[in-house]
Amino acid sequence: MGTYGQAAEVFGVGERSVGTWWRKYQAGGREALVVRRTRPAGRPERIGDAERAAVFQAMADYTPEDLLLGGPLWTRPLVAELVRMVTGVAMTERGVGKWLGRHGFSPQRPGRRSYRQDQAEVDAWLKEEYPAIAAKAKEEKAVVAWADQCGLRSDTAPPGRSWAPKGKTPLMRVNGRRFRPLHCPRPRASRT
């Protein structure tokens, strides 16, 4: 027969737990060791699978602006409003964060893409033309520098994070037009 320490090691618990189990067994046999729960551990989720899927699909397909809820990013208050609209369940901001985290979401800084960007054209350029540029740079011992992704305007690129599934960076569509600093007037043609 083994000791409390050996049993604790086998079951991955403390020696006190083994002692408690042994006393229960001596008092009531195997039946005394059966754990009976009257309800599942923790609080049950009030949002069903179909409703949860609808909320997550709306977050994937639309921005809060598209749904007339608010800003361009899925923040906890805006997700709480979406959940309330779709399911009728009111959640606190903290509760929304825990709920999203439990279902594989995290707050992420969104990537930005121009509305006018044609992804097929970009992919073709990267496949067909960019390798020659990279090869020439390597030959000349130069470095290719990517200075700007899409010419963001300061008023179309709000700072912050948006909740999205882990590993799937959310995208923000911006107009991609560059802006002229106020101190650089446009050159005018001279009249002579």
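View 1. Setting aside residues up to four places away in sequence, Val79 touches Met59, Trp74, Val96 and Leu100, where contact means heavy atoms within 4.5 Å. Met59 is 20 residues from Val79 along the chain, and their C-alpha atoms are 8.2 Å apart.

The model is a predicted one, in which local features need pLDDT of at least 70 and side-chain atom pairs count only at pLDDT 80 or more, while totals for chains, interfaces and linings use all residues. Residues are numbered from 1 along each chain as its sequence is written, and side-chain values use heavy atoms, with hydrogens and water left out.

**View 2. The aromatic cluster of Phe56, Trp99 and Phe105.** These three residues form one aromatic cluster. A pair of aromatic rings is described by the distance of the centres and the angle of the planes. Rings of Phe, Tyr and Trp (its six-membered ring) pair if their centres lie within 6.5 Å; planes under 30 degrees apart count as stacked, over 60 as edge-to-face and the rest as tilted. By this rule the count is five aromatic pairs. One of them is Phe56 with Trp99, a tilted pair with 5.2 Å centre to centre and 35° between the planes. Phe56 belongs to helix 3 (residues 49-61) and Trp99 to helix 5 (residues 93-102), so this pair ties together parts that are 43 residues apart in sequence. Phe56 also pairs with Phe105, again tilted, at 4.5 Å centre to centre and 35° between the planes. Because Phe56 lies in helix 3 and Phe105 in strand 1 (residues 105-108), the pair links parts 49 residues apart in sequence. Phe56 and Trp99 are both buried, and Phe105 is buried too.

**View 3. Salt bridges around Arg52.** Glu45, Asp49 and Arg52 are linked in a network of salt bridges (a salt bridge is a side-chain nitrogen of Lys or Arg within 4 Å of a carboxyl oxygen of Asp or Glu). The side chain of Arg52 meets that of Glu45 at 2.7 Å, N to O. Arg52 also bridges to Asp49, with the closest N and O atoms 2.5 Å apart. Arg52 and Asp49 are three residues apart in helix 3, so about one helical turn separates them. Arg52 is buried, with a relative accessible area of 16%; Glu45 is partly exposed at 32%, and Asp49 counts as exposed at 57%.

**View 4. The salt bridge between Lys136 and Glu140.** The side chains of Lys136 and Glu140 meet at 3.2 Å, N to O. Glu140 is partly exposed, its relative accessible area being 49%. The structure holds four salt bridges.

**View 5. Surroundings of Ser106.** Ser106 is part of strand 1 and is buried, with a relative accessible area of 17%. Its side chain makes a polar contact of 3.3 Å with the side chain of Gln108. A polar contact is a pair of N or O atoms within 3.5 Å; within protein, one must be able to donate a hydrogen and the other to accept it, and residues adjacent in sequence count only if both atoms are side-chain atoms. Apart from neighbours within four places in sequence, Ser106 is in contact with Ser162, Trp163, Ala164 and Lys166.

Notes
Helices (H or I, at least four residues) and strands (E, at least two) are DSSP runs, numbered from the N terminus. Buried means under 20% relative accessible area, exposed over 50%, partly exposed in between (1.4 Å probe, protein chains only).
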